[in-house]
Amino acid sequence: MSGSYFPQWRLRSSTHDGQGAVIAADERLPVPQTVAMGVQHVVAMFGSTVLAPLLMGFDPNLAILMSGVGTLLFFLLVGGRVPSYLGSSFSFIGLVIAVTGYAGSGANPNLGVALGGIIACGAVYTVIGLVVGLVGTRWIESLMPPVVTGSVVAVIGLNLAPIAVKGVSGNSFDSWMALATVLCVGFVAVFTRGMLQRLLILVGLLLAYVIYAILTNGAGLGKPIDFSIVANAAWFGVPHFATPVFQGSAMALLAPVAIILVAENLGHIKAVSAMTGQNLDRYMGRAFVGDGLATMLSGSVGGTGVTTYAENIGVMAVTKIYSTLVFVVAAVIAILLGFSPKFGAVILTIPGAVLGGVSIVVFGLITVSGARIWVENKVDFSSNTNLIVAAVTLVLGAGDFTLKLGGFALGGIGTATFGAIILYALLKRRG
């Protein structure tokens, strides 16, 4: 390992020797292969990075653009040592909808209020990163063991479930089309292999989109897709920037999302460490700061909060290519896409029923990923401590239990997150 801030990125000419050579973070492939891998990572993050802003009424073009900018900022902060892509975080969705009163379609009229809260969250996240850089991660792991992090992640999906279902319950056609979308994603997940399977959300959405177009534009069964907005959109242009509004109650509500982002990032970096055989703990504080600053920067111009993406970690697990230069390429491609209004117009033609069906799957997968944390870390549910923490956290979040103190209200995800941490701290000696 070089003593310089950035690695030297030794060139590896092939990935096909033996069982498929592992390309380490401080190594690089030839330019054509690096570009191809960058494109693959863009495709992997695309579905979720576009879906999250659509569910909150943000500009998807701007979200894609800021995901690229945020990834470059993260790359700089960690000195090119931690392979990661930063995409739109789903942890904000429930609370953004709560503070803005977003109706579920079109642009969010109270976007500025949400942006102020996202910036507050990024600031808290950055401070946590600075503390971690000074004292290490042991205190976080003590406060948030797997039973807590698994419960909090599961709660995000459960809290969002009513939003997804309500969004496709307007009429019978939309409800059936949402179920068809779920089946499309399910068939891709089960009956395909390789990268096609890795892109189950994106490919399933495309299949459902085609079916919807055939049934509506072709057979006249529902509201047809309006393709004129695509034809009229320019190939190149500046996305819609927005100005944050700093409202105390919204900032207080969204700031605790930082705890969830810390749990996500911690888990992702541990996973990459395990895959590469390299201990990345010494970069954890810088990774948190990078993610926090990227979230603040994104929120300051109208973008979503960002987080390290499990989708891209999955791609690395499949390809065994961990070169951080691949993520520089992916980030640049995302920035270029962000400056294409035509690309954004295509995204906006996605029917609400299809989007709702995909949301059902995504929110379900988030919920199950919480349970996966329990399984992978062998959480012992014969322990009453673990049992109570998980049980109470899940119900608080799923039921959207809200605590009010004067003019301040802490919604279901926030209550569940703090509840899990506090409950575990109080009960951990009494298992």
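Helices (H or I, at least four residues) and strands (E, at least two) are DSSP runs, numbered from the N terminus. The model is predicted, with local features requiring pLDDT of at least 70, side-chain atom pairs counting only at pLDDT 80 or more, and totals for chains, interfaces and linings using all residues. Residues are numbered from 1 along each chain as its sequence is written, and side-chain values use heavy atoms, with hydrogens and water left out.

**View A. Lys378 in the loop between α17 and α18.** This loop joins α17 (352-376) and α18 (384-398). Although not a glycine, Lys378 has a positive phi of about 50 degrees. Its relative accessibility is 70%, so Lys378 counts as exposed (buried is under 20% relative accessible area, exposed over 50%, partly exposed in between; 1.4 Å probe, protein chains only).

**View B. Trp9 in the segment before β1 (10-11).** Trp9 also is not a glycine and has a positive phi of about 50 degrees. With 14% relative accessibility, Trp9 counts as buried. Most residues other than glycine have a negative phi.

**View C. Helix α12, residues 257-276.** From first C-alpha to last, the 20 residues of α12 reach 29 Å, close to the expected 28 Å (1.5 Å times one less than the number of residues). Because 14 of these 20 residues are buried, α12 is largely enclosed by the rest of the structure.

**View D. Surroundings of Val148.** Contacts (heavy atoms within 4.5 Å) link Val148 to Leu143, Val389, Ala420, Ile421 and Tyr424, not counting residues up to four places away in sequence.
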